[in-house]
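Biologist: Hey, I've just opened this one and I'm new to it. Can you walk me through a few spots?

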Amino acid sequence: MPATPTAPFRITLLPGDGIGPEIIAVAVAVLKQVGQQQNLQFDFAEALIGGAAIDATGSPLPEATLTACRQSDAVLLASIGGYKWDTLPRSQRPETGLLGLRSGLGLFANLRPAVILPQLLSASSLKPEVVEGVDIMVVRELTGGIYFGQPRGIFETEDGQQRGVNTMAYTTGEIDRIGRVAYETARKRQGRLCSVDKANVLEVSQLWRDRITALHAEYSDVDLSHLYVDNAAMQLVRQPKQFDTIVTGNLFGDILSDAAAMLTGSIGMLPSASLGESGPGVFEPVHGSAPDIAGQDKANPLAQVLSAAMMLRYGLSLPAAADRLEQAVLTVLDQGYRTGDIMSDGMTAVGCEGMGQALEKALSAS
Ligand code: NAD
């Protein structure tokens, strides 16, 4: 049954660089189609970020882009960066635009799912029996911890040496807000939350563990466990199926979310969501701008399409529309369509556009 009509959802599109424009075009086409099927109206507006913004305006995050993002209901980002801008000073690099967007929108929670699709079991470097059925969500704190703590820098010591310093710090407020996102996320999944820290060595981790434990009183329906980060890394590759939702700080989350993602073995399949307290979230693939294959119709658009599905689910609260998109991805994989990065024997090779057409056909038939 189509849903009743709603006010238009304002979506800012940030195609960025490299393969970005190719993969976001596929996502927009399928979003339009799902919108028609579900009687939803999406208003898309494009803005500049990354290298494309540097070329046009001199800045990797023009003020107009940040304003457009703030005024929208959700932001769909593709990827930024490329060889051309690698030698610019840090303040003018494409990555600086991405960090500016995250801080400008107050995006403190990063959600990274790692799901093993049965169709792509052989893409993992681990044994099929170890990874089959893996479905993990890593909730990473994104705007605090050691990446932002003060003091930081490289200082001269009295005896003439240099001393590099970074500071890992979290306040109770910062821990509580990411903790709540994680408990809420676990509730929508299998109801199991594992908090990862290094509380046996670090005071900041002791506070983290104390607060996550205290919050459990409000979420007693969720099963809570704790792991030290070294053990968590080991368990992720030893027995990944034990995990449902993982919550952790910025540094540990950076490392563990990459490890969890790579259990799936295919970077072209991995979406992510970054959320703030209020205001729009940013939804983007985990991979970069893949300049080596840009403009050649070789990119896998599925991570971008799955990011659009996360946008529907977590950014716009449209779970039925998200289900449709995710189901279309499963259907085209079942039908044997593969881009180069996930190709295997006996499958049908398609380019970025071909995968888009297969998705549209699958949606039409649904
Ligand atoms: P990358 O993810 O762009 O590419 C790594 C490898 O994976 C390449 O061989 C690439 O061809 C392949 N690949 C990536 N996405 C693919 C897709 N959708 N389909 C098929 N193959 C795909 O990482 P990199 O090469 O380290 O970085 C390239 C540029 O991207 C750099 O400028 C980097 O700074 C930037 N980058 C941006 C983001 C982002 O936008 N969030 C993230 C990582 C890297």
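This is a predicted model: local features need pLDDT of at least 70, side-chain atom pairs count only at pLDDT 80 or more; totals for chains, interfaces and linings use all residues.

Biologist: Okay, so is Ile54 buried or exposed?

Modeller: Ile54 has a relative accessible area of 12%, so it counts as buried, the limit being under 20%.

Biologist: And where does Ile54 sit?

Modeller: Ile54 is part of helix H2, which covers residues 50–57.

Biologist: Which residues is Ile54 in contact with, leaving aside neighbours within four places in sequence?

Modeller: Those are Ser59, Pro60, Trp85, Leu88, Gln92, Arg93 and Pro94.

Biologist: Switching to the ligand. How many residues surround it, and which are closest?

Modeller: There are 20 residues around the ligand, and the closest are Glu95, Gly288, Ala290, Asp292 and Asn300. The shell splits into eight nonpolar, eight polar and four charged residues.

Biologist: Which ligand atom does Glu95 have a polar side-chain atom 2.6 Å from?

Modeller: An oxygen atom of the ligand. Asp292 also has a polar side-chain atom by a ligand oxygen, at 2.8 Å. With Glu284, the ligand atom is a nitrogen, 3.5 Å from a polar side-chain atom.

Biologist: How much of the ligand does the protein bury?

Modeller: The protein buries 68% of the 810 Å² that the ligand exposes when taken alone.

Biologist: You mentioned Glu284. What does Ser307 touch, beyond residues up to four places away in sequence?

Modeller: Glu284 is on that list, along with Leu76, Pro271, Ser272, Phe283 and Pro285. Ser307 belongs to helix H10, residues 302–315, and its relative accessible area is 0%, so it is buried.

Biologist: What does the side chain of Ser307 reach at 2.7 Å?

Modeller: The backbone oxygen of Ala303.

Biologist: Last topic, strands. Which way do the residues of E10 point?

Modeller: In strand E10, residues 245–248, Thr245 and Val247 point one way, while Ile246 and Thr248 point the other way. All of them are buried.

Biologist: Which strands does E10 pair with?

Modeller: E5, residues 135–141, pairs with E10 in the parallel sense over four bridges.

Technical notes
Residues are numbered from 1 along each chain as its sequence is written. Side-chain values use heavy atoms; hydrogens and water are left out. Helices (H or I, at least four residues) and strands (E, at least two) are DSSP runs, numbered from the N terminus. Buried means under 20% relative accessible area, exposed over 50%, partly exposed in between (1.4 Å probe, protein chains only). Contact means heavy atoms within 4.5 Å. A residue is near a molecule or strand if one of its heavy atoms lies within 4 Å of it. A polar contact is a pair of N or O atoms within 3.5 Å; within protein, one must be able to donate a hydrogen and the other to accept it, and residues adjacent in sequence count only if both atoms are side-chain atoms. Accessible areas come from the Shrake-Rupley method with a 1.4 Å probe; for residues, only the protein chains shown count as cover. Ala, Val, Leu, Ile, Met, Phe, Trp, Tyr, Cys and Pro count as nonpolar, Asp, Glu, Lys and Arg as charged, and the others, Gly among them, as polar. Two strands pair if DSSP finds at least two bridges between them.
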